[in-house]
Amino acid sequence: MTGATVVLGSQWGDEGKGKLVDILSADFDVCARCAGGNNAGHTIVVPVGPDNVKKTFAFHLLPSGLINPNCTGIIGSGVVIHVPSFLAELDALQSQGLDCSNRLFISDRAILVFDFHQIVDGLKEVELGGSSIGTTKKGIGPAYSGKASRSGLRVHHLFDHETFAVKFRKLVEGRFKRYGHFEYDTEGEILRYKALADRLRPFVVDSLVYIHNTLTSGKKLLVEGANALMLDLDFGTYPFVTSSSTSIGGVCTGLGIPPKLVGKTIGVMKAYTTRVGGGPFPTEQLNTVGEHFQEVGREYGTTTGRRRRCGWLDLVVMKHSHMINGYDSLNLTKLDVLDDLSEIKVGVKYLVDGKPLLGFPGGSSSRFYAIVADHGLQPTLGFLPRSKSNM
């Protein structure tokens with residue numbers, strides 16, 4: 001039996017996972033998403049057709065491996081799915097000439113994201129005020145909250161319309177009680193999802209059976225991670241994280257794969273560091289260096305268009321990331337963005353009150369977070385003078 005090959009983000013996301021997945025998918029039969037939702041964003045530019053005309057494909061919820069016509073995509077039970085966005089993304093890809101017929105499937109166990117989740121996402125950010133997390137407002141957090149509280153609706157609920165309607169009304173009423181009566185057409189949404197269910201039905205499978213049949217039949221499975229380790233709900237910069245497990249653990253729980261069937265794990269690592277939203281970023285450069293990374297590296301979010309925060313490569317983050325995910329190899333991206341810099345700095349350790357921290361601290365280390373919030377933490381930076389020997 002062949003173990004799954006896993007591609008994970010090693011920093012705060014946007015490392016270039018989609019490009020690597022696209023390249024690798026030529027040698028794989030199935031590409032699977034295991035966590036997250038359409039808050040993820042992978043932009044891939046590839047030559048298409050007999051004339052090799054370059055086209056840009058934007059992926060958010062669908063697996064990037066679909067660019068390869070011989071690769072099947074599957075969205076696992078650990079993913080949260082906004083059905084209108086799923087269908088819109090599929091239609092956009094099809095209109096660009098990417099035929100996904102009979103090779104794209106979603107788990108019947110996946111939790112559904114509704115428009116009211118997206119409204120609540122924005123309301124929660126307003127409540128937080130200056131301490132806002134900086135979410136994509138795609139409703140991902142509220143949907144995962146519903147999952148954890150066992151009140152969420154799953155894909156299979158769509159196909160029992162009467163039961164779905166009852167549960168849906170109860171969900172919306174609960175949000176009204178919590179956030180006030182915001183504008184939302186509950187009955188209109190129920191009718192909308194009755195029609196959407198008919199279109200969605202051909203894509204729905206038991207993903208657990210599908211994934212294990214893939215592995216036991218000798219086919220090759222590629223797992224595409226979403227977001228990255230430092231946005232992991234448990235091991236990232238909590239609470240400035242996403243709401244799912246973005247680590248190797250999320251592969252097992254999101255697809256139902258036992259650890260012994262995880263084969264090679266590849267960490268994608270950018271030659272510098274970026275993140276979006278709020279939260280600690282010890283090597284952030286609020287200066288011309290940061291601007292260089294933004295402009296030369298074209299650091300704008302695929303999903304939101306937001307300008308990314310940029311800084312030097314942080315090896316404390318990378319050590320923390322490797323400790324958890326156990327990478328077999330690293331794929332280094334965007335090294336050429338450093339070409340025009342006279343020297344390259346690298347964060348090698350954190351000092352608080354003159355004492356080195358043993359690792360990347362958790363949220364319980366309030367002293368660390370306070371220092372970072374005031375931009376007072378300066379990690380020890382080594383630097384590499386530009387020369388052919390180290391470039």
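Student: Which residues are in contact with D14, leaving aside its neighbours within four places in sequence?

Tutor: They are K270, T274, V276 and R308, where contact means heavy atoms within 4.5 Å. The model is predicted: local features need pLDDT of at least 70 and side-chain atom pairs count only at pLDDT 80 or more, while totals for chains, interfaces and linings use all residues. Residues are numbered from 1 along each chain as its sequence is written, and side-chain values use heavy atoms, without hydrogens and water.

Student: Why is D14 called partly exposed?

Tutor: Buried means under 20% relative accessible area, exposed over 50%, and partly exposed in between (1.4 Å probe, protein chains only). D14 has 25% relative accessibility, so D14 counts as partly exposed.

Student: What makes G41 count as buried?

Tutor: Its relative accessible area is 18%, which is under the 20% cut-off, so G41 is buried.

Student: Which residues does the UniProt annotation "binding site" cover, and how do you know that they cluster in space?

Tutor: The annotation, from an unreviewed entry, covers D14 and G41. Although they are spread over 28 residues of sequence, the largest C-alpha distance is 7.8 Å. UniProt positions follow the numbering used here, feature names are shortened, and annotations may be inferred rather than shown by experiment.

Student: What angle describes the packing of helix 5 and helix 6?

Tutor: Helix 5 and helix 6 pack at about 145°, with their axes 10 Å apart. Helices are DSSP runs (H or I, at least four residues), numbered from the N terminus. Axes are lines fitted to C-alpha atoms over the stretch in contact, and angles run from 0 to 180 degrees between N-to-C directions.

Key
Helix = DSSP H or I, 4+ residues; strand = E, 2+ residues; numbered from the N terminus.
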